[in-house]
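Visitor: Could you take one part of this structure and go through it closely, with the cut-offs stated as you go?

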Amino acid sequence: MLYTIPDYYKEFACIAGECPDTCCAGWQIVIDEKTKQTYKKYPGDFGKRLKTSIDWRESVFKQNENRCAFLNEDNLCDLYLEGGEALFCKTCRRYPRHVEEYEDLREISLSLSCPEVARMLMERKGKVGFITVEKDAPAEEYEEFDYMLFTKLCDARDVMFSILQNRDYDMFLRMAMVLSLGHDLQRRVSDGQLFDIDGLLERYSAEGAVKRFEKKREDFKTSCQEKKKLFFRMSDMFSQLEVLKADFPAYVSERIKDICEATDASEDCDFVTEELSQEEQIWLEQLAVYFIYTYFCGAVYDEQPYAKVKFALLSVLMIRQLYRGDERSREGFCKSAAIEAAYRYSKEVEHSDNNLLRVEEIVRQRSVYSLRNFLRLLW
Ligand code: SF4
């Protein structure tokens, strides 16, 4: 079995009581069957506490004011204090590790919903790379795994990484080009023309490709007010989602709605795409690479690579806007505001399968998320 991990994977260490959010609050933690049996038989006073603190029918830990019943006042886990990691259920043992399965390959990422991961990514200055190793483990069998499509998606993702990590160009241009590649790729996948994909990828990776792409910029010039309206319509995605944390809708509203509704007399206010500082460019690059790495190849199961690209880059734009709407961002790049925007978005959107599916569905179906509108917004 092959395993792929991002090159910062081994640097992660949970900061436990220092964590500004903790993974034990704000969502339901599902307990796997094997651990449930261990908890059922656990002796003594702690065993009694386990009996009353678990919803046995739903197989989840009960919550007190949205916090796991075992999360104590110091933001430490009483289960861990009682029995160490051995007493964790699978979810707690794994988090923030996230696994995507592809027949004989497992791709592991660290979830951005963890504030410590959000910090690592935000502070990472070098380009992220990925490491693949082989280990003994039984491979999953998938009856209809399309190996040919998977190989093409992996090749396309490599090209996307190299475009996103080409620091000779501004990040919005790189994102626009990756969206356009996702769009062209979708046509070939939908038409069953997988053999044409190599030629497409060669065109997008050829020398001077970004420069040639940049020439199209003029065709999509859009006024600041139009961009605000467009962005506001795109941010409607939040109203379509299941709410995981009760205060999230208000958090979004304060940071996005108010900005979009503010009228700005100057036509060149350049909403969304005002010049980015070097630090911010790198942050957005790491976010874009994170989302593309985690989700893009999942298109092997639904043949919707373009929706995966749109979801990834829409997420980057939304996180950035949540950050920009934070007062702390007014005086230059503010790391803590950037970290908070990233992990809050991720926790709400990535940690609900319903929400992930819903965002992909709306970016596929609604005309506001067309390539033209994305390019108008980015340029
Ligand atoms: S969210 Fe991350 S850093 Fe915070 S307690 Fe959980 S694993 Fe540790």
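Guide: What follows is a close look at one helix, and then at the chain around it. This is a predicted model, in which local features need pLDDT of at least 70 and side-chain atom pairs count only at pLDDT 80 or more, while totals for chains, interfaces and linings use all residues. Residues are numbered from 1 along each chain as its sequence is written, and side-chain values use heavy atoms, with hydrogens and water left out.

Helix H7 covers residues 171-190, where helices are DSSP runs of H or I with at least four residues and strands are runs of E with at least two, numbered from the N terminus. Its 20 residues should span 28 Å at 1.5 Å a residue, and the end C-alpha atoms are 28 Å apart, which agrees; the expected span is 1.5 Å times one less than the number of residues. At the start of H7, the backbone nitrogen of Phe172 has a side-chain oxygen of Asp170 within 2.9 Å. Just after H7, Gly192 adopts a positive phi of about 70 degrees.

Because 17 of its 20 residues are buried, H7 is largely enclosed by the rest of the structure; buried means under 20% relative accessible area, with a 1.4 Å probe and protein chains only. Across the chain, 54% of the 379 residues count as buried.

The chain as a whole has 17 helices and eight strands, and its C-alpha atoms fill a box of roughly 70 × 50 × 35 Å along the principal axes. Among contacts (heavy atoms within 4.5 Å) between residues at least 6 apart in sequence, 78% join residues at least 24 apart.

Definitions and conventions
Buried < 20%, exposed > 50% of the residue type's maximum accessible area, 1.4 Å probe, protein only. Polar contact = N/O pair within 3.5 Å; in protein donor to acceptor, adjacent residues only side chain to side chain.
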